[in-house]
Amino acid sequence: MKVFVTGVSGQLGHDVMNELAKRGCEGIGSDIAPVYCGTEDGSSVTEMPYVGLDITDAGAVEKTISEIDPDAVIHCAAWTAVDLAEEDDKVDRVRAVNAGGTEHIAKVCRKLDCKMMYISTDYVFDGQGTEPWEPDCKEYKPLNIYGQTKLEGELAVRKLLDKYFIVRIAWVFGLNGKNFIKTMLNVGKTHDTVRVVNDQIGTPTYTYDLARLLVDMIETEKYGCYHATNEGGYISWYDFTCEIYRQAGLKTEIIPVTTAEYGLSKAARPFNSRLDKSKLRENGFTPLPDWQDALGRYLKEIG
């Protein structure tokens with residue numbers, strides 16, 4: 001299988017390329033940079049073909065993907081700086097990447113009759129209540145520009161394609177790039193106390209585990225919308241931090257606070273990021289391991 005992957009300089013795209021390589025699949029990676037440099041610290045470089053591509057350029061997208069003629073596209077590229085997306089001078093760019101770029105890719109997939117997998121987010125919902133969001137729920141009420149533009153990407157995929165997977169994820173961490181765990185480790189090493197919100201609930205997602213699932217999925221024709229995070233139950237960011245510090249052996253005091261008490265964020269955050277993942281089992285896919293186990297493996301990976 002020949003798979004074209006966008007966003008390979010990010011956490012998930014990097015791991016998807018590595019998973020394809022392990023399986024002997026033909027993977028071609030892309031990102032906006034003209035040359036791929038691997039992880040930020042240079043510790044891991046995927047030895048597979050790479051092409052620089054600005055997904056907001058419709059002509060470049062059509063030319064690049066048409067020439068590659070893949071069997072499937074896994075679209076990981078996105079604007080994910082949630083607070084920065086709220087700035088007036090950034091909104092058009094965010095929409096061009098998350099909505100426009102996705103639409104450009106979907107149009108080429110339709111022309112080539114190839115599968116497309118679009119990585120989305122729990123932010124397409126309003127984040128209220130306590131019930132887990134079901135993958136086929138249509139009650140979209142994004143709280144911020146990031147969520148709205150990711151939803152616009154979803155709608156473009158649904159409108160243009162039949163052979164698609166939409167996979168919503170949440171609380172992502174991986175080897176490549178910044179994430180909550182790395183931030184908390186840095187803070188824990190330099191501060192005696194740390195304040196962490198305890199009223200936003202969800203489940204972490206390790207990109208190493210997720211990449212395995214995504215490649216499992218793209219090799220099938222079990223199309224549709226799915227939710228994918230690690231197993232292990234629903235937790236708060238406070239709970240997550242407690243386990244990070246426990247496993248890392250840090251003694252930093254963790255103070256639980258509400259989102260209102262914490263303040264700071266420009267973009268509204270969802271209180272309810274619970275995602276119902278039962279559709280994965282129903283379609284024969286192996287769920288991701290518990291998040292506690294994933295955290296332990298990740299901490300060993302980053303040393």
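Predicted model: local features only at pLDDT ≥ 70, side-chain atom pairs only at ≥ 80, totals over all residues.
Q: Where does Gln 11 lie, and is Gln 11 buried or exposed?
A: Here we place the residue in its element and then read its relative accessible area. Gln 11 belongs to helix α1, residues 11-22. Its relative accessible area is 14%, so Gln 11 counts as buried, the cut-off being under 20%. Leaving aside residues up to four places away in sequence, Gln 11 touches Val 172, Phe 173, Gly 174, Asn 176, Gly 177, Lys 178, Asn 179 and Thr 207.

Q: What does Asn 179 do at the end of α5?
A: Asn 179 caps the N-terminal end of α5, with a side-chain oxygen 3.0 Å from the backbone nitrogen of Ile 181.

Q: Which residues of α5 are buried, and where do they fall around the helix axis?
A: Look down the axis and see where the buried positions point. Helix α5 spans residues 180-190, and its buried residues are Ile 181, Met 184, Leu 185 and Gly 188. They fall within an arc of 100° seen down the axis, so they line one face of the helix. These buried residues pack against β7 (172-173), β8 (193-197), α7 (237-248) and α10 (291-302).

Q: How should I read the open sheet: what is the strand order, and which strands stand at the edges?
A: Seven strands, paired in parallel, give the order β3-β2-β1-β4-β5-β6-β11. β3 (50-52) and β11 (224-227) each have a single partner strand, so one side of each is left without a neighbour in the sheet, and these are the edges. Direction ignored, neighbouring strands are turned by 20° against each other on average.

Q: How many bridges join β5 to β6, and which helices pack there?
A: Strands β5 (residues 115-121) and β6 (residues 164-169) run parallel and are joined by six bridges. Thr 121 stands opposite Ile 169 in β6. Helix α3 (residues 91-112) packs on the sheet, touching β1 (2-6), β4 (72-75) and β5, and its direction makes about 165° with that of β5. Helix α4 (residues 145-160) lies across β5, β6 and β11, running at about 160° to β5.

Q: What makes up the largest nonpolar core?
A: Start with the residues that have the most contacts inside the core, then ask which elements supply it. The largest core has 31 residues, and those with the most contacts inside it are Val 5, Val 16, Leu 20, Met 117, Val 167, Leu 214 and Met 217. β1, α1, β4, β5, β6 and α6 (207-218) each give two or more residues. The largest share, seven residues, comes from α6. A second, separate core has 29 residues, among them Phe 125, Ala 170, Ile 244 and Leu 275.

Q: Which residues does Met 217 touch?
A: Not counting residues up to four places away in sequence, Met 217 touches Met 117, Phe 165, Val 167, Tyr 226, Leu 280 and Phe 285.

Q: Where is Asp 71, and what does its side chain reach?
A: Asp 71 is in the loop between α2 (58-68) and β4, and is partly exposed, with a relative accessible area of 41%. The Asp 71 side chain reaches the backbone nitrogen of Lys 2 at 2.7 Å. Beyond four places in sequence, Asp 71 touches Met 1, Lys 2, Cys 114 and Lys 115.

Definitions and conventions. Residues numbered from 1 in each chain as written. Heavy atoms only, no water. Pairing = 2+ DSSP bridges. Helix = DSSP H or I, 4+ residues; strand = E, 2+ residues; numbered from the N terminus. Axes fitted to C-alpha atoms, helices over the stretch in contact; angles between N-to-C directions. Contact = heavy atoms within 4.5 Å. Buried < 20%, exposed > 50% of the residue type's maximum accessible area, 1.4 Å probe, protein only. Core = buried A, V, L, I, M, F, W, Y, C linked by side-chain atoms within 4.5 Å. Arc of directions from axis to C-beta. Polar contact = N/O pair within 3.5 Å; in protein donor to acceptor, adjacent residues only side chain to side chain.
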